Amino acid sequence: MKYGLVVYLKNECYKIEGISKIPGFEYINESKLKDIVEFTNEFEHEQELICYLIDEGLLPKKFFKGSLGINFYKGKNNPPKTLQYGVSFKEDKKFFDTIFLKYYFREKLTNPTFMKAFIDKYYTYLRETPIFREEMGHIRYGYEFYLRNNYLPEGTEQSMATFIEIYCRKKSKDGYYKADFTRIRDLAMFAINYERTYEREMIERPNNTVEDLELMIDHYYTLMRNDMLSEEEMEAYTDAINNLEQELEYTKAVTLNRSKKNETTGN
């Protein structure tokens, strides 16, 4: 299975290529899911990464307001499909640790919104799978018991921890169990999606690039050099400049990319 980082904008999809040619990211295998996640987790949020890709020449500027995703490819003749939930960022790194996932999912056993989504996705899909049947049954029973009695029956948290442990591993050809990163990411992104939807404050994405805003501000300053402007026109242009400068300040803060941060901090 091969993967690729992509950016969607309306009906267009652009595959990012050349990440491993960027200094500092030479170790990245651009077709491996784990490496793509490791790369995106270096950035604060979606807009910062998109701006970084544009500045590095890996993404056309027209995708400034695009959305990041990860495609997977089963074969040359099969069209790519997109993984659910988009991509993760620096704030999300902790979710890719199975110990943290066990803690997080156990804590959410008494959260109706989270558990409804969990049951809809995992219980419905895995309840008849022999390796998961027992844990799924205990988790469903424990949660419904909690709704009736306002406390969890003994063993429910352990059942959730056991489910996470089993779900996040696979047996290798030599008979040993090893981490299954595809499934770790699946659980991580499920939790991250919940956080983004219900817990975190949404970051408002800029409408224009820094360069475009600077050009617009320069344009209004040029117009104001006209001695024939009326008082009303001068006031309108001044207001426009003030608004654009506020937008520019916000956009710079949101889109300050990794390379520019390193130049500023000297890291």
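**Phe63, a strand trio and a helix pair**

Biologist: Where is Phe63?
Modeller: Phe63 sits in the loop between helix 2 (46-55) and strand 3. Helices (H or I, at least four residues) and strands (E, at least two) are DSSP runs, numbered from the N terminus. The model is predicted: local features need pLDDT of at least 70, side-chain atom pairs count only at pLDDT 80 or more, and totals for chains, interfaces and linings use all residues. Residues are numbered from 1 along each chain as its sequence is written, and side-chain values use heavy atoms, without hydrogens and water.

Biologist: Is Phe63 buried or exposed?
Modeller: Phe63 counts as buried because its relative accessibility is 1%. Buried means under 20% relative accessible area, exposed over 50%, partly exposed in between (1.4 Å probe, protein chains only).

Biologist: What is Phe63 in contact with?
Modeller: Beyond neighbours within four places in sequence, Val7, Leu9, Glu12, Tyr14 and Ile50. Contact means heavy atoms within 4.5 Å. Glu12 is 51 residues from Phe63 in sequence, but 9.2 Å C-alpha to C-alpha.

Biologist: Now the strands. How many bridges join strand 1 to strand 3?
Modeller: Seven, running antiparallel, between residues 2-9 and 67-73. Pairing needs at least two DSSP bridges. Val7 has Leu68 as its bridge partner.

Biologist: And strand 2, how many bridges with strand 1?
Modeller: Four, also antiparallel; strand 2 is residues 12-15. Tyr8 bridges to Cys13. Two residues lie between these strands in the hairpin, and Lys10 takes a positive phi near 55 degrees.

Biologist: Switching topic: at what angle do helix 5 and helix 6 cross?
Modeller: Roughly 145 degrees, with axes within 9 Å. Axes are lines fitted to C-alpha atoms over the stretch in contact, and angles run from 0 to 180 degrees between N-to-C directions.
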